[in-house]
Number of protein chains: 2
Amino acid sequence: MTKVTAQLSVSLDGCYAGPRHDGTGNWMESAESLGFFRVTRWVIDAMAWRERLGFAGGEQDTNSQIMAETFAAAGAYVMGRRMADGGEVPWGDEPPFRAPVFVVTHRPRETLVRGGGTSFTYVTDGVAAAIERARAVADGRNVAVAGGGELVRQVLKAGLLDELELHIAPVVLGAGMRLLDERLDLDGREGIELTPIRVVHTPQVIHVRYAVGGRARLVLDDRGSGGGPARVEVAAGD
Amino acid sequence: MTKVTAQLSVSLDGCYAGPRHDGTGNWMESAESLGFFRVTRWVIDAMAWRERLGFAGGEQDTNSQIMAETFAAAGAYVMGRRMADGGEVPWGDEPPFRAPVFVVTHRPRETLVRGGGTSFTYVTDGVAAAIERARAVADGRNVAVAGGGELVRQVLKAGLLDELELHIAPVVLGAGMRLLDERLDLDGREGIELTPIRVVHTPQVIHVRYAVGGRARLVLDDRGSGGGPARVEVAAGD
């Protein structure tokens with residue numbers, strides 16, 4: 001059955017890149033880039049990713065296997081406009097997706113057909129429509145929300161995401177582009193409940209995959225701890 | 001050798017409680033409390049914690065074993081003033097620490113000696129001094145920063161923390177009191193590097209313990225990925 005999935009590399013504090021680049025100067029020299037390359041270091045080392053991108057070398061390890069599974073599981077992609085624009089030239093004639101990609105944008109454009117099975121179709125009627133377009137051609141595999149983080153958050157917020165996998169790199173960035181924050185518009189008395197599906201840890205990164213439940217009101221449940229918050233604060237550290 | 005440690009239960013998005021209670025009305029009915037009880041649910045179920053608090057029942061499971069280890073490893077505690085004030089009455093004559101507690105505060109006060117080996121010593125010359133006072137009496141066990149989250153962040157920011165363990169509950173709160181954020185004053189071009197020591201996962205929570213390295217400048221290292229950020233964005237989801 002086709003699931004809508006997303007996976008993102010983040011720091012322990014949930015940043016998938018450094019502070020957003022303001023567009024002036026070279027992105028590669030920006031703080032956004034520095035944070036981004038730190039949390040995705042495991043990806044760039046993975047042979048399965050390097051092969052897709054046509055780069056030599058790489059590690060044939062657990063991280064690489066997870067990356068290979070990630071590519072194999074996707075039958076179609078949904079992508080944000082910023083990512084698609086940034087990738088169009090460098091991805092060249094044979095982009096690494098090898099599947100149909102549906103780009104969420106406000107600007108109508110003819111479908112761009114590339115080699116190796118990749119095509120870019122520009123969808124102007126919203127992310128839900130893009131997901132349905134992708135689902136229709138995913139051939140039983142998953143619809144992968146390729147990113148960027150803004151789009152992943154939008155899909156989660158809309159309740160359209162079935163699975164979320166975070167690859168947590170052992171670093172704290174403190175400042176940066178955060179996936180999960182106030183922009184989800186949770187009101188402080190509700191949460192999005194998750195069910196862990198798989199946890200794989202390596203020295204470079206912890207891979208945590210969750211099934212995404214719906215939004216749910218938080219119910220006070222102190223398990224008979226006797227009430228007073230202070231009692232609970234003891235073991236919980238606050 | 002005595003280490004300075006901290007452990008905190010958080011949501012997947014790094015919140016250890018809901019939005020901070022404004023002090024009006026009942027804390028137990030606040031959004032802060034709702035989020036706090038959600039991320040600490042595993043603690044309240046743990047027999048090792050319930051025994052310390054004098055509550056009946058509880059689960060004798062992996063989570064409980066981790067809680068038991070956490071209590072056993074601490075030879076002395078450092079605690080924030082808000083937590084100490086909140087706990088003083090409910091903890092009663094035999095607080096659960098069973099070790100000396102050093103409270104970081106601006107208000108001088110005589111040491112409060114309780115039963116079962118717990119004492120509260122009020123330290124007015126800062127967190128570093130409180131940690132040294134605790135280290136001197138920890139008898140080779142760890143100095144545990146008991147919380148709250150503000151104090152844990154302060155200790156991490158000051159470079160005084162040797163180990164940080166997060167207990168990550170499978171929920172997204174979106175809004176709440178966040179442990180790791182801009183208040184660490186990282187400038188977007190540096191990070192705090194961590195080394196994973198132990199990862200234990202249960203259906204209720206993922207326990208992730210890290211050794212804390214120092215602040216380090218982030219070095220651009222694209223592992224020969226060919227430069228363009230877009231190429232890297234493919235697999236990383238942004």
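Predicted model: local features only at pLDDT ≥ 70, side-chain atom pairs only at ≥ 80, totals over all residues.
## The interface of chain B and chain A

On the chain B side, 90 residues are in contact with 91 residues of chain A. By class, the side of chain B that touches chain A is made up of 51 nonpolar, 21 polar and 18 charged residues.

The size of an interface is often given as the accessible area lost when the parts come together. For chain B and chain A the buried area is about 7900 Å². Carbon and sulfur atoms account for 65% of that area.

## Salt bridges

The rule finds four salt bridges across the interface of chain B and chain A. One salt bridge joins B:Arg38 to A:Glu193. The closest N and O atoms of B:Arg38 and A:Glu193 are 2.9 Å apart.

## The second largest pocket

Rolling a probe the size of a water molecule over the atoms shows where empty space is left. The second largest pocket has a volume of about 440 Å³. It is lined by 21 residues, and those closest to its centre are B:Gly80, B:Arg81, B:Arg82, B:Val104 and B:Glu150.

Which elements give two or more residues to the lining of this pocket? They are α5 (81-91) and α7 (149-157), both of chain B. Sorted by class, the lining of the second largest pocket holds eight charged, seven polar and six nonpolar residues.

How values were computed
Residues numbered from 1 in each chain as written. Chains lettered and ligands numbered in written order. Heavy atoms only, no water. 1 Å grid on protein atoms, 1.4 Å probe; cavity = no way out; pocket = protein on both sides within 12 Å on 5 of 7 lines; lining within 4 Å. Points joined across faces, edges and corners; volume = space filled by probe spheres on them. Helix = DSSP H or I, 4+ residues; strand = E, 2+ residues; numbered from the N terminus. Nonpolar A, V, L, I, M, F, W, Y, C, P; charged D, E, K, R; others polar. Contact = heavy atoms within 4.5 Å. Buried area = accessible area lost by both parts, 1.4 Å probe. Salt bridge = Lys/Arg side-chain N within 4 Å of Asp/Glu carboxyl O.
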